[in-house]
Amino acid sequence: MLLAVEELWPESLAEDWDRVGLVTGRPDAHVDRIMFAVDPTLEVIDEALEWGATLLITHHPLLLKGVNSVAATSGKGRAVHRLIEGGCALLSVHTNGDSAVGGVSDVLADALELTDAVPLTSAAHGLVEEGIGRVGMLPGVEKLGDLAARIFLKLPAVAGGVRVAGDREALVRKVAVCGGAGDGLFDAVRASDADVYVTADLRHHPASEAREASSDGRPYLIDLSHFASEWLWLPVAARALGNVLMDQGFAAEVLVSQTNTDPWDFILTPGN
Ligand SMILES: [Zn+2]
């Protein structure tokens, strides 16, 4: 099982600050039901245990920062307890899953039908086709508003919807994407000469400064829900792992979590 994960999403592709791989569980434990989710929240863990999962693979790490205790007095401690008591291992595939071919940004690029997509930044220890973010071309020019609507329809429904900076009618062709929080990649996006940047979790200052720095409004910005932008990867990842395991002669069921772990529940807008 761990070999199959390593084949698809090598740990060497993870960023230095990241913590990926097995979080709880015995490396030699028998795994027959694997659930994929974005976040290892308690609700997701309960869903995994109810289904009888013996492994939960999440995009986000449960324990990214150092901890001194996993007592069941904190949310993370309760998560560790529920997993171990429920006989379910936890493994995270984070920036190694972003960077890999078929990773989070590749899936986002495919969802937008981008062609000739290449990484926005190359992986430190990877192939040329590996790295964070992707930039590629739409099949033809498209209005910014239409592109945003197309993405909106592909994503799971979340309260925050999709936010756009730019003229609805503006025509775009070259698209940069980065699933998850992508406001650290603005230099690479500008260098790529993309017409529009599709990412998530854009904060006020990086977004505002990028708009101010532009002479023609480009790159326009399409800001998705962090959860939704990464959720798209789950069915693809689950299928890929199922196939590799089958090739290796292991029979394991894979399933994508149905829990929406976007933290927001409703939004107020002036309407438009
Ligand atoms: Zn993320």
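Helices and strands are named here as DSSP runs, numbered from the N terminus, and the structure shown is a predicted model.

View 1. Glu-113 is placed in the loop that runs between α5 (104-111) and β5 (115-122). Its phi is near 60°, which is a positive value in a residue other than glycine. A residue is called exposed if 12 or fewer other C-beta atoms lie within 10 Å of its own, and buried if there are 20 or more; with 14 C-beta neighbours inside 10 Å, Glu-113 therefore counts as partly exposed. Asp-116, which belongs to strand β5 itself, also has a positive phi, near 55°, and is likewise a residue other than glycine. Asp-116 has 9 other C-beta atoms within 10 Å and is exposed.

View 2. The domain assignment divides the chain into domain 1, made of residues 2-94 + 231-256, and domain 2, made of residues 103-224. The C-alpha centres of domain 1 and domain 2 are 28 Å apart, and the contact draws on six residues from domain 1 and 13 residues from domain 2. On the side of domain 1 that touches domain 2, five residues are nonpolar and one is polar, while no charged residues are found there.

**View 3. Helices α2 and α3, side by side.** The axes of helix α2 (residues 42-51) and helix α3 (residues 75-85) come within 10 Å and cross at roughly 5°, so α2 and α3 are roughly parallel to each other. From α2 the contact takes Leu-42, Ile-45 and Leu-49, and from α3 it takes Gly-75, Arg-78, Ala-79, Arg-82 and Leu-83. Sorted by class, the contact of α2 with α3 has five nonpolar residues, one polar residue and two charged residues.

View 4. Ala-79, Val-80 and Leu-83 are the buried residues of α3. Viewed down the axis of α3, these buried residues fall within an arc of 95°, so they line one face of the helix. They pack against β1 (21-24), α2 and β4. After α3 comes Gly-87, with a positive phi near 70°, and this glycine sits in the loop between α3 and β4 (89-92). Gly-87 is exposed, having 12 other C-beta atoms within 10 Å. The C-alpha atoms of Gly-87 and Arg-26 are separated by 9.8 Å, although the two residues are 61 residues apart along the chain.

View 5. In helix α6 (residues 144-154), the residues Leu-144, Leu-147, Ala-148 and Ile-151 are buried. Seen down the axis of α6, the buried residues fall within an arc of 100°, so they line one face of the helix. An α-helix has 3.6 residues a turn, so residues three or four places apart point the same way. The buried residues of α6 are covered by elements that include β6 (131-143), β7 (163-165), β8 (171-181), β9 (196-200) and β10 (220-224).

View 6. Arg-218 and Pro-219 are joined by a cis peptide bond, for which omega is about -5°. Pro-219 lies in the loop between α8 (204-213) and β10.

How values were computed. Residues are numbered from 1 along each chain as its sequence is written. This is a predicted model: local features need pLDDT of at least 70, side-chain atom pairs count only at pLDDT 80 or more; totals for chains, interfaces and linings use all residues. Domain bounds come from an automatic or database domain assignment. Two residues are in contact if their C-beta atoms, placed from the backbone, lie within 7 Å. Ala, Val, Leu, Ile, Met, Phe, Trp, Tyr, Cys and Pro count as nonpolar, Asp, Glu, Lys and Arg as charged, and the others, Gly among them, as polar. Helices (H or I, at least four residues) and strands (E, at least two) are DSSP runs, numbered from the N terminus. The arc is that of the directions from the helix axis to the C-beta atoms. Axes are lines fitted to C-alpha atoms, for helices over the stretch in contact, and angles run from 0 to 180 degrees between N-to-C directions. Angles under 35 degrees count as roughly parallel, over 145 as roughly antiparallel, 65 to 115 as roughly perpendicular and the rest as oblique.
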